[in-house]
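Q: Please take a close look at a single part of this model for me, and then show me how that part sits within the whole.

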Amino acid sequence: MNQTKKGLSAKDLIVTGVFTALIFGCIMLGGGFFAAAPALTFYFPVGASLLAGPVYLLMIAKVKKFGPVTIAGVIMALFTFMTGMHPCMSLGYLAGGILADLTAMLGKHSSSKMNILSYIIFSLGNTGSYLAYFIAPESWVRFMLEGERATQDYVDLMSESANTFVLVTMLAGTVLVAALSAFVGSKLLKKQFEKAGIVK
């Protein structure tokens, strides 16, 4: 039976919820230090992409259907919105989740290359707020200060560290680290998870 033509079952949704929590935990563990430091905050997407690759690929392997990655993006978008982050962070997660889900679907959820590309796209969703800053820094700062979402000291230090080199490093670093994380995940999936019967 072709599972890709079926909707998500209750079991699929439970698996998606568990793996979304694990992915979010990996993102916070890898990127939280950078987010907390204004001079290093632009490197949050790089750190955030470091640990979640194996978990992300395992989720795709467990639920080979369109939907889990989108749901993960929606949940993280809602979390960042409710915790007062810049709305472009939420938009980044939404766009990244949907595009990453479509990418995995194009590879029928079984192509290692497409799944790795899917994770790279998903990880780039973490750059949403930072890209908004580089596009319109004054508007970004005003929005964050008016809503008391950040302190003046934080945005001042953040602004001092912002330059083209940081932007390029953030984007290139996120792509490279995400690719490495997903590549390691694909190898683990093949050598360990299949042997253990976690996935078929």
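**A close look at Thr 80**

A: Happy to. Once its neighbours within four places in sequence are set aside, Thr 80 still touches Met 85, Met 89, Ser 90 and Tyr 93. Please keep in mind that this is a predicted model, and that contact here stands for heavy atoms within 4.5 Å. Thr 80 itself belongs to helix H4, which covers residues 68-82. Is Thr 80 buried or exposed? Its relative accessibility is 3%, and the cut-off for buried is under 20%, so Thr 80 counts as buried.

Read from the N terminus, the order of elements is α-α-α-α-α-α-α-α-α-α. The radius of gyration is 17 Å, close to the 16 Å given by the globule rule for 200 residues, so the protein chain is as compact as a globular protein of that length. Along the principal axes, its C-alpha trace spans about 55 × 30 × 25 Å.

Thr 80 is among the buried residues, and 44% of the 200 residues in the protein chain fall in that class. As for contacts in the chain between residues at least 6 apart in sequence, 76% of them join residues at least 24 apart. The accessible surface amounts to about 10,300 Å², with 70% of it belonging to carbon and sulfur atoms.

Now for the charges. Side chains of opposite charge can pair when their charged atoms come close. The protein chain carries 15 positive and 9 negative side chains, and 28 Å separates the centres of the two sets. How many salt bridges does a search of the whole structure find? The search turns up one. It joins the side chains of Asp 12 and Lys 65, with 2.6 Å from N to O. Asp 12 sits in helix H1 (residues 10-36), while Lys 65 is in the loop between helix H3 (53-62) and H4, so the pair ties together parts 53 residues apart in sequence.

Asp 12 has a relative accessible area of 9% and is buried. Lys 65, at 6% relative accessibility, also counts as buried.

Technical notes: Residues numbered from 1 in each chain as written. Predicted model: local features only at pLDDT ≥ 70, side-chain atom pairs only at ≥ 80, totals over all residues. Heavy atoms only, no water. Helix = DSSP H or I, 4+ residues; strand = E, 2+ residues; numbered from the N terminus. Rg over C-alpha atoms; globule rule 2.2 N^0.38 Å. Buried < 20%, exposed > 50% of the residue type's maximum accessible area, 1.4 Å probe, protein only. Areas by Shrake-Rupley, 256 points an atom, 1.4 Å probe, with all protein chains shown as cover. Lys, Arg positive; Asp, Glu negative; His and termini not counted. Charge placed at Lys NZ, Arg CZ, Asp CG, Glu CD. Salt bridge = Lys/Arg side-chain N within 4 Å of Asp/Glu carboxyl O.
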